[in-house]
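Please read these notes with the model open beside them.

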Amino acid sequence: MQDLLTIMRRLRAPDGCPWDQEQTHDSLRPYLLEEAAEAADAAGSGDPAALSDELGDVLLQVAFHSVIAEEAGTFDYAAVERGIVEKLVRRHPHVFGEVSVQDSADVMRNWQEIKAQERGGRPRRAEDRVPAGLGALAREAKTQKLAGVPKVAAPQGRAAVAQVVAAAPDTPAGVADVLAAVVTWARSVGVDPELALRDRSLGTLRALPDQGPDA
């Protein structure tokens, strides 16, 4: 990691790379999302070498942001690393402390309670609990959970999709209603709709013939 940070500092130096010198936290946002998405694809590909490579690209983004912050005097990589280590220890008192748990449900309840304590008991706005950078289907799934939309039986979820499709107007709002119904159905059968569609799209792309640079 120190080698990676050293390289990033060299690239950002006055005699380094003009492109790297120009980047900011804001300008790097698309790359952070893209690299995380590519790592997620690789994790589902069954190819360990691809996953290792894509995780390296994600780590590059961590180093890039850390060096930019280091230059600004706001934080550095050591703070990033220390923060996540302390958070993991703090949120796993059943491993590093004296708390007893029976199952993963207990772990999640403790996790949420500890997060609330970290905020001083202050509630979080719903919009802050669903990252804007998530895909639309993933955001809808999290929104439904936060809104208390109950999981339904699989046949009921499927039937609801058909009903919404039949009644939906040919407008953005109508399409959104259909997609929301599909997300509800996906939740009813335990399917992550974002990953399901990503995997389908990836399979389609892999089946397409190679095209020239001007295609």
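1. Helices here are DSSP runs of at least four residues, numbered from the N terminus. By that rule, Tyr77 lies in helix α5, which covers residues 77–90. The model is a predicted one.

2. Is Tyr77 buried or exposed? Buried means under 20% relative accessible area, and the value for Tyr77 is 15%, so Tyr77 is buried. Leaving aside neighbours within four places in sequence, Tyr77 is in contact with Met1, Leu5, Val62 and Ser66. As for distance along the chain, Gly120 is 43 residues apart from Tyr77, and the C-alpha atoms of the two are separated by 26 Å.

3. Tyr77 also belongs to the largest nonpolar core. This core has eight residues in all: Leu5, Met8, Leu28, Ala63, Phe64, Val67, Ile68 and Tyr77. Two or more residues come from each of α1 (2–12) and α4 (48–72). The element that gives the most is α4, with four residues. In soluble globular proteins, nonpolar side chains tend to be buried together.

4. Phe64 is another member of this core. Which residues does Phe64 touch, leaving aside its neighbours within four places in sequence? The contacts are Met8, Arg12, Trp19, Asp20, Gln23 and Leu28. Of these, Met8 and Leu28 are also listed in the core.

5. Next come the two helix pairs. Helix α8 (residues 136–146) and helix α11 (residues 193–207) have axes that come within 7 Å and cross at roughly 160°. Angles over 145 degrees count as roughly antiparallel, so α8 is roughly antiparallel to α11. Their crossing is right-handed. On the α8 side the contact is made by Ala136, Leu137, Ala138 and Ala141, and on the α11 side by Pro193, Glu194 and Leu197. By class, this contact has six nonpolar residues, one charged residue and no polar ones.

6. The other pair is helix α9 (residues 154–167) with helix α10 (residues 172–188), whose axes lie 8 Å apart at an angle of about 170°. That angle makes α9 roughly antiparallel to α10. From α9, Ala154, Gly157, Arg158, Val161, Val164 and Val165 take part, and they meet Asp177, Val178, Ala181, Val182, Trp185 and Ser188 of α10. What classes do the residues of this contact fall into? Eight are nonpolar, two are polar and two are charged.

Definitions and conventions. Residues numbered from 1 in each chain as written. Predicted model: local features only at pLDDT ≥ 70, side-chain atom pairs only at ≥ 80, totals over all residues. Heavy atoms only, no water. Axes fitted to C-alpha atoms, helices over the stretch in contact; angles between N-to-C directions. Parallel < 35°, antiparallel > 145°, perpendicular 65-115°, else oblique. Left-handed = near helix turned anticlockwise from the far one by under 90°. Contact = heavy atoms within 4.5 Å. Nonpolar A, V, L, I, M, F, W, Y, C, P; charged D, E, K, R; others polar. Core = buried A, V, L, I, M, F, W, Y, C linked by side-chain atoms within 4.5 Å. Buried < 20%, exposed > 50% of the residue type's maximum accessible area, 1.4 Å probe, protein only.
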